[in-house]
Protein chains: 2
Amino acid sequence: MKRALELAAEAADQGEVPVGAVIVHGPTDRVLAEAHNRVLLDKDPSAHAELLAIRQACKVLDSERLIDCDLYVTLEPCPMCAQAISFARIRRLYYGASDPKGGGVEHGPRIFSSSSCHHKPEIYGGPGGEQAGELLREFFRGRR
Amino acid sequence: MKRALELAAEAADQGEVPVGAVIVHGPTDRVLAEAHNRVLLDKDPSAHAELLAIRQACKVLDSERLIDCDLYVTLEPCPMCAQAISFARIRRLYYGASDPKGGGVEHGPRIFSSSSCHHKPEIYGGPGGEQAGELLREFFRGRR
């Protein structure tokens, strides 16, 4: 999560909403992917940190499923990313700050609680949340 | 929608779940993007027709928002794609077959009805639905 927070800070430096994500292969502790938000940089509304990291890790493993892989992300994933996390069969999801406005895990459409969700990762909210929240607050203060 | 159905048939020929999508710039009728599912071909769990078409259209317009653009897709979008459609500010969503098992528009998490959904397209379900459904049924029959 420390690395994910560094990636989030890099995002802010580039004018992106500060969210960072890291995917680790659990059994070997190997880092498969690192990413931060790139919506504006890439002009791609789907370029959230989680989605970019998932695509990167799938390339590394040459598979559309990330079996035994864990995702660390600084902010509660949105519904798009939560559904992608389910499709990718991520084993554990660790996220920092809660996102009452845009989150899709414990807020809004609560993707993993839907009857049509076929894979739910183990979920750990909270680690790094304070720093992640501070990064976000600072970022949005600077833009007002 | 006719073109989206052709793309769905192409997907099936390549062993992919037959879903096709086309994005059109409404005011000019210009086709900006065409795609079909490529999850297995690309080994990317996020490579749904809609998401690929959105990314393609954003490249064409050099923008992360698809203002005045309409998306035609043969199947009800999943929650991931529905949220991406919202982020991209798609104007109108036309979809063919309903998807009670995996859909995220009129089923499951009903993304556009969530209070955290900031943009909801005009939605038109049904056109081409019969052919789209037949393509899907045929595909899954062949795999059992």
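In which kind of crossing does H2(A) pass H3(A)? In this predicted model, the crossing of H2(A) past H3(A) is left-handed. Helix H2 of chain A covers residues 49-61 and helix H3 of chain A covers residues 79-87, and the two pack with their axes 9 Å apart, at an angle of about 25°. Because angles under 35 degrees count as roughly parallel, H2(A) is described as roughly parallel to H3(A).

The residues that make this contact can be picked out on each helix: H2(A) contributes Glu50(A), Leu51(A) and Ile54(A), while H3(A) contributes Met80(A), Cys81(A), Ala84(A) and Ile85(A).

The size of an interface is often given as the accessible area lost when the parts come together. For chain B and chain A, the area buried between them is about 2,300 Å², and 68% of it lies on carbon and sulfur atoms. On the chain B side, the residues that lose the most area to chain A are Lys43(B), Pro45(B) and Glu64(B), which together account for 26% of what that side buries. Counted by residues, the contact takes 29 residues from chain B and 29 residues from chain A.

Charged side chains also meet across this interface, where the count between chain B and chain A is four salt bridges. One salt bridge to look for joins the side chains of Asp62(B) and Lys43(A), with a distance of 3.3 Å from N to O.

Conventions. Residues numbered from 1 in each chain as written. Chains lettered and ligands numbered in written order. Predicted model: local features only at pLDDT ≥ 70, side-chain atom pairs only at ≥ 80, totals over all residues. Heavy atoms only, no water. Axes fitted to C-alpha atoms, helices over the stretch in contact; angles between N-to-C directions. Helix = DSSP H or I, 4+ residues; strand = E, 2+ residues; numbered from the N terminus. Parallel < 35°, antiparallel > 145°, perpendicular 65-115°, else oblique. Left-handed = near helix turned anticlockwise from the far one by under 90°. Contact = heavy atoms within 4.5 Å. Buried area = accessible area lost by both parts, 1.4 Å probe.
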